[in-house]
Amino acid sequence: TDDIGVYTDSSLTEETYTNQTDIPTSKDISIDYDSILAPTGTVYNVSSDATSAEIQSIIDSMEAGDTLNFAPNAIYNDICIYTDKNIKIIGNNATLIGYDRLNSSDVAEKVRNQSADGGYAEVYYAVLYSLNNTGTVISDLNIISRYPGYNPTKVNANTEEYKTAGIFADASKNLTITGCDISEASFGIFMQYSGDSIITNNIIHNQFTNGIINFGSPRDIIAN
């Protein structure tokens, strides 16, 4: 950028602002996808006919640094899963299709329970949650959120239909989401307090509110 400045309204202030010139050019960003996407630890393979509960059971058994490997091109229905571990989730072009309803019983108790009860107290519905972890990787997944839409003239931030996402990340630092196709829901990716993350090369479309919301997450790289 050679020149940047602001307009000064003399009727509102006596201050006069001038253009700043010779703005330094941003450095190129290099991302080592080979290292990020390479399987690590124990690799857990998800069969093509696994249910949401079965996938969650596999995740619950994993240790930090392990890899969850979905069957290539498989389609999984009625999915609502979470990880609060530092794992890699390799999608292999598998499709996770969420529920077409808003029922809290579809969400794991640890996700929705209050902190006093050992939970994360999340009020959003999502197909995939990444919570309270560091260095989690989510790649090459198709995520279809079948949650109900809403009437934009009647919705507000407390409306149940507004609080849905394909991927919901909370306190998930150094998170990588790459190569995913995320459709429908209120938000494609909802991130909060998940700084130093890499969100790249995703296709996010057909949301009711917007594609990505990034709240309180400094130094994230969001690009295609």
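Modeller: Buried means under 20% relative accessible area and exposed over 50%, with partly exposed in between, using a 1.4 Å probe and protein chains only. This is a predicted model, in which local features need pLDDT of at least 70 and side-chain atom pairs count only at pLDDT 80 or more, while totals for chains, interfaces and linings use all residues. Residues are numbered from 1 along each chain as its sequence is written, and side-chain values use heavy atoms, with hydrogens and water left out.

Biologist: OK, Gln207: buried or exposed?

Modeller: Gln207 counts as buried because its relative accessibility is 16%.

Biologist: And where does Gln207 lie?

Modeller: Gln207 is in the loop between strand S15 (203-205) and strand S16 (210-215), where strands are DSSP E runs of at least two residues and helices are H or I runs of at least four, numbered from the N terminus.

Biologist: What about Asn73, buried or exposed?

Modeller: Asn73 counts as exposed, because its relative accessibility is 52%. Asn73 sits in the loop between strand S4 (67-70) and strand S5 (75-76), and its C-alpha atom is 9.3 Å from that of Asn142, 69 residues apart along the chain.

Biologist: Switching topic: which residues touch the most other members of the largest nonpolar core?

Modeller: Among the 48 residues of that core, they are Ile55, Phe70, Tyr76, Tyr129, Ile138 and Leu141; a nonpolar core is a set of buried Ala, Val, Leu, Ile, Met, Phe, Trp, Tyr and Cys residues joined through side-chain atoms within 4.5 Å. Elements giving two or more residues to this core include helix H2 (52-61), strand S8 (125-134) and strand S9 (137-144). S8 gives the most, with six residues.

Biologist: What does Ile138 contact?

Modeller: Leaving aside neighbours within four places in sequence, Ile138 is in contact (heavy atoms within 4.5 Å) with residues including Ile89, Leu128, Ile167, Leu175 and Cys180.

Biologist: Last one: which residues line the largest cavity?

Modeller: The lining consists of Cys80, Tyr99, Arg101, Asn103, Asp106, Val107, Tyr125 and Tyr147, a cavity being a set of points on a 1 Å grid over the protein atoms alone where a 1.4 Å probe fits but cannot get out, with lining residues having an atom within 4 Å of a point.

Methods. 1 Å grid on protein atoms, 1.4 Å probe; cavity = no way out; pocket = protein on both sides within 12 Å on 5 of 7 lines; lining within 4 Å.
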